[in-house]
Amino acid sequence: MLRNGAAQVFRQLVRHQSTDTSLILERSINRVQLLGRVGQDPVMRQVEGRNPVTIFSMATNEMWRSGDVETSPAGDVSQKTTWHRVSIFKPGLRDVAYQYVKKGSRVLVEGKLDYGEYVDKNNVRRQATTIIADNIVFLSDNIRGRDQ
């Protein structure tokens, strides 16, 4: 009976710990890597009382062959372009991106996804997905500022 009681107390202790969310520390990852071309020259914005942010758009492309690749290897090639909004808050990176990134540059952006909402000019609530960049690798020679 004592042994059975100890097992019951142990089960309750384990059950209690597993349901108490304050004791559970899980690791999670929110990482994004994008390799593509810049769609517009960056702009720097500052909202009152906040640090400035550099923002630019970036395009990534997905390509595939349509049809049966085994019977006709020269099938039609299709492409889909996806546009991404990149925001940079890190002070050093924000300034370098504003100065050197330009439309058409090929860059690798590393960061995290952020989801938010905003109200447009027509007072319609919209969803927004943004890449918060914490690293940018320049892969093009055509960098704004070199020839200025």
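## Confidence

In this predicted model, strand β1 (residues 32–38) has the highest mean pLDDT among the elements of the chain, at 97. The lowest mean, 58, belongs to helix α1 (residues 2–19). Where pLDDT is low, the predicted coordinates should not be read in detail.

Over the whole chain the average pLDDT is 84, and 74% of the residues reach a score of at least 70.

## Chain layout

The chain contains two helices and six strands. Read from the N terminus, their order is α-β-β-β-β-α-β-β.

Of the 148 residues, 25% count as buried. Taking contacts between residues at least 6 apart in sequence, 60% link residues at least 24 apart.

## Pairing of strand β1

Strand β1 runs antiparallel to β5, and six bridges join the two. In this pairing Arg37 stands opposite Arg106 of β5.

Strand β1 is also joined to β3, again in antiparallel fashion, by two bridges. Here Val38 stands opposite Met58 of β3.

## Val107

Val107 belongs to strand β5. Its relative accessibility is 0%, so Val107 counts as buried, the cut-off being under 20%.

Beyond its neighbours within four places in sequence, Val107 is in contact with Leu34, Leu35, Gly36, Val38, Met58, Ile136, Val137, Phe138 and Leu139. For Leu139, the C-alpha to C-alpha distance to Val107 is 5.3 Å, at a sequence separation of 32 residues.

## The largest pocket

The largest pocket holds about 530 Å³ of space. Its lining is made up of 17 residues, and Ile55, Arg85, Ser87, Phe89 and Thr130 lie nearest the centre. By class the lining has eight nonpolar, four polar and five charged residues.

Four strands each supply at least two residues of this lining: β3 (53–65), β4 (77–88), β5 (106–119) and β6 (125–138). Strand β5 gives the most, with five residues. A general point applies to such strands: in a regular strand the side chains alternate between the two faces of the sheet.

## Ser87

Ser87, one of the residues nearest the centre of the largest pocket, lies in strand β4. At 5% relative accessibility it is under the 20% cut-off and therefore counts as buried.

Not counting residues up to four places away in sequence, Ser87 touches Val53, Thr54, Ile55, Thr130, Ile131, Ile132 and Ala133. Among these contacts, Ile55 and Thr130 are also listed with the residues nearest the pocket centre.

## Asn123

Where in the chain is Asn123 placed? Asn123 is in the loop between β5 and β6. Its relative accessible area is 66%, over the 50% cut-off, so Asn123 is exposed.

The backbone of Asn123 has a phi near 60°, a positive value in a residue other than glycine. Most residues other than glycine have a negative phi.

How values were computed
Residues numbered from 1 in each chain as written. Predicted model: local features only at pLDDT ≥ 70, side-chain atom pairs only at ≥ 80, totals over all residues. Heavy atoms only, no water. 1 Å grid on protein atoms, 1.4 Å probe; cavity = no way out; pocket = protein on both sides within 12 Å on 5 of 7 lines; lining within 4 Å. Points joined across faces, edges and corners; volume = space filled by probe spheres on them. Nonpolar A, V, L, I, M, F, W, Y, C, P; charged D, E, K, R; others polar. pLDDT = per-residue confidence, 0-100. Buried < 20%, exposed > 50% of the residue type's maximum accessible area, 1.4 Å probe, protein only. Contact = heavy atoms within 4.5 Å. Pairing = 2+ DSSP bridges.
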